[in-house]
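Open the model in your viewer and have the sequence panel ready. We will go from one selection to the next.

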Amino acid sequence: GASNDLSGKLVGCWFPTSTFVGIGLEHSVANLFLMPCALLLGAQLTIQDVVFKNLIPAILGNAISGAVIVAGSYSYQFGQLGKVSSEEQYINSDNTGKVDDTNGVLRSADK
């Protein structure tokens, strides 16, 4: 289940973000922390480089791909993408009409 204390919630946020960074993907939240740190430590970057070459593309990419992946997975799980058409139900029912309504496959007791 979900964590109720602050330390559990912080750990729940830390691992996905560190995983993105560890495998080399650009994560906008991680970049919002790492890039200002690099600037403060004297990296050969300008603020314009950080904003226009990293933060804006990373934020847009994370927002677009996150919206597509999250929306697609929820739609598949709970919406129209996961529904079986009536034609597929008829094909899977072996013309008997006995179909499991959740996924369009015959129940083992009906075979």
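**A tour of the helices**

Start by selecting Ser28, which lies in helix H2 (helices are DSSP runs of H or I, at least four residues, numbered from the N terminus). This is a predicted model, in which local features need pLDDT of at least 70 and side-chain atom pairs count only at pLDDT 80 or more, while totals for chains, interfaces and linings use all residues. Residues are numbered from 1 along each chain as its sequence is written, and side-chain values use heavy atoms, with hydrogens and water left out.

Ser28 is buried, at a relative accessible area of 12% (buried is under 20%, exposed over 50%, partly exposed in between, with a 1.4 Å probe and protein chains only). Show its contacts (heavy atoms within 4.5 Å): leaving aside neighbours within four places in sequence, Ser28 touches Ala58, Ile59 and Asn62.

Now select H2 (residues 28-40) and H3 (residues 47-78), whose axes come within 9 Å and cross at roughly 170°. The axes are lines fitted to C-alpha atoms over the stretch in contact, with angles from 0 to 180 degrees between N-to-C directions. The two helices are therefore roughly antiparallel, a label for angles over 145 degrees.

On the H2 side, pick Ser28, Asn31, Leu32, Met35 and Leu39; their partners in H3 include Ile47, Val50 and Leu55.

Next, go to Pro36, also in H2. Pro36 is partly exposed, at 37% relative accessibility. Its C-alpha is 8.6 Å from that of Ile47, 11 residues away in sequence.

Finish at Gly24, which follows H1 and has a positive phi, near 90°.

Methods
Angles under 35 degrees count as roughly parallel, over 145 as roughly antiparallel, 65 to 115 as roughly perpendicular and the rest as oblique.
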